[in-house]
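Me: I have a structure to read and I am new to this. Can you take me through it step by step?

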Amino acid sequence: MADTKKLQSYSANQRTQKIIRGVVCILFCILSLLPFVLLVMNATRASDDIQMGVSLIPSGHFLENWKNLMIKQQGMQVTLWSAVRNSMIVSAPATILAVYFSSMTAYGIQVYDFKMKKAAWAFIMAVMMVPNQITIIGFYRFMLKLGLVDNYIPLILPAIAAPAVVFFMKQYMESTLSIEMIEAARIDGAGELKTFNRIAMPIMKPAVATQAIFQFIAQWNNLFTPTIMLTTDTKKTLPLFVQMLNSDQFRVDYGVVYVALFVTVVPLIAVYLILSRYIVAGVALGGVKG
Amino acid sequence: MKKRRKKVRYGKYGYLFVAPFFLTYAFFQLWPLINTFFYSMLNYYKRNGREFSEFCGLQNFQNILGLVSGEKAYVLHYFKNTFIIWGMNFIPQILVSLLLAAWLTDNKVRLRSRGAVKVITYLPSVITAASISVLFHALFSQYGPITMTLKNLGIIGSSFNFLESSAGTRGLISFILFWMWYGNTTLLLISGVLGISPDLYEAADIDGANGRAKFFRITLPLLKPIMLYVLITSAIGGLQMYDIPALFNVSNTGYVGFPNDNSTTVAMYIMRLYNSDVGKAAAVSVLLFIVTLIISLIFFKFGTSNEEKAEARRRKKRLSEGGGC
Amino acid sequence: MKMKKATALMMTAAIGAAMFTVPVFAEEVETEPANTVSGDSAAEDAFVIWGWNEDIKKILDGPFAEAYPDLYKRIVFVNTGGSDTYQTKVDAILEDPSGELYPDLMGLEVDYVLKYVNGDFLSSAGDLGITADDYANQYGYSLDLGTDYDGNVKALFWQATPGCIQIRADLAEKYLGTTDQAKLSEMFSSWDNILDTARKVNEASGGTAKLFSGYDEMFRIFSNSRANGWYDENDTIQVDENMTKYMEMAKICYEEELTYNTQQWKDDWYANMAGDGETSNAAVAYCGCPWFTYWCLGDAWKANTILVQAPEQFYWGGTGLAATAGCADTDMAAAILKFFTCETDPMVSINALNSDFVNNKEAVQKIADAGTTCEYIYGEQDMISFYLPMADGIDAKNATAEDQDINSLWTTQVDAYARGEKDLDTAVADFKSSVHDTFSYLNVE
């Protein structure tokens, strides 16, 4: 008797909890969606209206804006399509390099005991704290000397050394990777690199997915470095394309700019949705037990 | 003892595994970095595109700290701005993210469409900083729709202008940063929570622990490494904060944050100086680096003491489990 | 889970669709191949030109290509895509004249032209064989902007940019009771008159309309007509009388609420340009110049703009060209510079192409004689004839290489003073020390 009552009040309590939490989550969702909605709305509005303020009501100018974008891109040396492709060429390999080699570095420091281990870790932590803004100029001059300016290499290869990603991976390994599992693999006769690829990486899946999303988005939206590094129009990435639309300082067609922004956002959301599956799946249910 | 012997045998692989990172870093980043330290000790300025430089020891540091007569310590003001903006963004951000992460991973009170919540709250960080600044500026400008609504509701005075008020501008920048990154932080924390072995929760259930106890006794302590990551990366990112404040309420050069220089961050100051006084800009960068280092070390000290205990506990548990099977 | 998968699928489909439609659309609309490559930079005789947008290129592609098809073929145009990073990129590339993309000719904006003119980066016009006779028709002030300390002319401008005040006719009728250009000119002929006019607008509208959107509308008029620049020949920072006058004007405007205190180019500022004064706020007048009249006025100003002189003659903006010190083909550089900035007929054709108010008195006279129309002008006023005499009286000797940065520091102090947060002396002292902080070679006396 007493037990049933307790259970009933417990489930009633759960129901209220669920409602409160649901409402709070919905409020946060609205908050997060609002500017995105505004962006989409602006893509449907005429340039002059956009300049006058914000509106939540869609207007019928989307196709017109889209056509104007298509016309405008003729005057530029890079089309929307090739800008998307250029962004992919830079973002995808940079993301893969950053995530894979950062996991590898973190693994090296987490799993092995070597003389320089502490120094290496301290160094990685220290360089994470270097302000970006000031090294970029020196970086540019150095690339100029190497003849690598206006090339994708300085945008892709440095991703191998991404201290913040290493830091994340190491933190994650500390709470998920047990040395016993690695030792078990060694007993089975697996080589070190194979152990890393076959045992450690699958366990790291949620962390890899999370960091892959963050890195991809950071690369995709990166304006600062490509602005400095790229000069040939045909090589320009998507943010530079949007910036070029915007650069006619006094003759900006905002409708066109928002349509272009809209196009830049869509692939990101798609990549995010595809990868978020791994985060939801979770390591605890996969790697460790399997 | 046994463990140690094994580690030593495999030690050389450690070098191989960290080699790509260090080679890449050395090749692409180290030289510019060393240059920055070197420049900070030069009286190195540009005028009309010509560069002038000579060694001057620590004079740049004395200048930026206002230790020489005729020089004012502007950098302290910019540090203050940066700290205020970061703090007002980070504290609510970590609290909200923790709450959401706990709710979204709670199997007892299963919310519907949890995936959708994650996806949606993360969306803001997908849009580039430039467009976000433009959007928020439009929303909160003098006649912006949100400003007008707040005025009509009587929440703010009829003559209030966010962009003319230091608190208003700093608050909005903090809010933009909060809004951009809380979904991201929630995701990080969720991936941390999911990394915690479900066995621990099962064991706690058997012991009859309630949700709150599980959160404070298991989730929170085991989230420490990820929390530490969030805290430190956010602090580093926060101290180097540039994109949003440099695009929000600024002079047309982008280096002076209105009103009254009160939304100018250290990174904006570095960029402002870089065009005219490389030595001084480098000195401010080095100072920023030192401050970041100190703050991170403090966080580390705080973070690791408890974490190691938890770590030890967890490992022991795993070991015993492994033995049992 | 299911819903999310569906959303993901939809999104992927959307991108897929976008990726397919884009090239399809592009093929339909494109009249030229996608790679109208801006030239072959590897070619032996490549001639490299740098700019931050397509303005220069459009002139090269249009009238210049027609006049010099052989030279045009050799041109490699580098568009840095926005003026924000232009200097950073150009500075680095200028260090190495042997580089493939080292510019032979480069575009320069008034804001930073003196930095390059006073540096070692440019060839002087004389070295290229361009004589004073060649640019005799240019406005004097533009030559000042392109001349270094030693009197060498280095950068030449193809736009002239005399400033004025633009008034919206319908609002002038409503709040000032007239659309007569002469009467309005009187109302803007002195700073006291402007204040009175502003008060009149406030009264007549009850505050739903103001004379200016923000007090910074007056900044260019004061700064680009002052006698002394931001520092003297001994590098001592100085504040011209005009600038303190501007501070006082700003304070009066703020205290009497004569403007909406907006900032130029921001949303509120645009909104006031489009307002009607009844349901939305509106500003009656904007600071202007030829490029502003053509390109920046909103729809509400169509056939609705009256131009009057400001209390001082001033300039606003302008774009120039200069050959670099390492220019590989000075003859070609000279040909392009002359075409853009000296020769009358080509400059008339530039005006025909993009409506630039060209920096050539003879060409402007020709354009005026031929009769032009501008869709923004109200009534019978002839825009070119209005601007024609104004460019002559401008003095640009006050410009310095650091103006852009110093102006922003100045604005900060003006705002603080206008709002009553500081007294005048403190604001000026704070200004000087902040300039010294940014440019250590400039001194506080």
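**Reading the chains and their contacts**

Reply: Start with chain C. Its secondary structure comes to 19 helices and 10 strands. Keep in mind that this is a predicted model.

Me: What does the radius of gyration of chain C tell me?

Reply: Compare it with the value for a compact globule. For 445 residues that value would be near 22 Å, and chain C has 24 Å, so the two agree. Along its principal axes, the C-alpha trace of chain C covers about 70 × 65 × 55 Å.

Me: How much of chain C is buried?

Reply: Count the neighbours around each residue. A residue is buried if 20 or more other C-beta atoms lie within 10 Å of its own. In chain C, 49% of the 445 residues are buried.

Me: How do I read the contacts within chain C in terms of sequence?

Reply: Ask how far apart the partners sit in sequence. Take the contacts in chain C between residues at least 6 apart. Of these, 75% join residues at least 24 apart.

Me: Now chain A. Where do its domains lie?

Reply: Domain 1 of chain A covers 2-43, and domain 2 covers 68-281. Next, look at where they meet. In chain A, 4 residues of domain 1 are in contact with 4 residues of domain 2. On the domain 1 side, 3 of the residues are nonpolar, 1 is polar and none is charged.

Me: How do I describe an interface between chains?

Reply: The size of an interface is often given as the accessible area lost when the parts come together. Here we count residues in contact instead. Chain A puts 80 residues in contact with 83 residues of chain B.

Me: Which element of chain A gives the most to the side that touches chain B?

Reply: Helix 1 of chain A does, with 15 residues. Several helices supply at least two residues each, including helix 4 (80-111), helix 8 (163-176) and helix 14 (254-281) of chain A.

Me: How many residues do chain B and chain C bring to their contact?

Reply: Chain B brings 31 residues and chain C brings 34. On the chain B side, the elements giving two or more residues are strand 1 (42-47), helix 4 (114-122), helix 5 (129-140) and helix 11 (266-274). Helix 4 of chain B has the largest share, 3 residues.

Definitions and conventions. Residues are numbered from 1 along each chain as its sequence is written. Chains are lettered from A and ligands numbered from 1 in the order in which they are written. This is a predicted model: local features need pLDDT of at least 70, side-chain atom pairs count only at pLDDT 80 or more; totals for chains, interfaces and linings use all residues. Domain bounds come from an automatic or database domain assignment. Two residues are in contact if their C-beta atoms, placed from the backbone, lie within 7 Å. Ala, Val, Leu, Ile, Met, Phe, Trp, Tyr, Cys and Pro count as nonpolar, Asp, Glu, Lys and Arg as charged, and the others, Gly among them, as polar. Helices (H or I, at least four residues) and strands (E, at least two) are DSSP runs, numbered from the N terminus. The radius of gyration is taken over C-alpha atoms; the globule rule is 2.2 Å times the number of residues to the power 0.38. A residue is buried if 20 or more other C-beta atoms lie within 10 Å of its own, exposed if 12 or fewer, and partly exposed in between; C-beta atoms are placed from the backbone.
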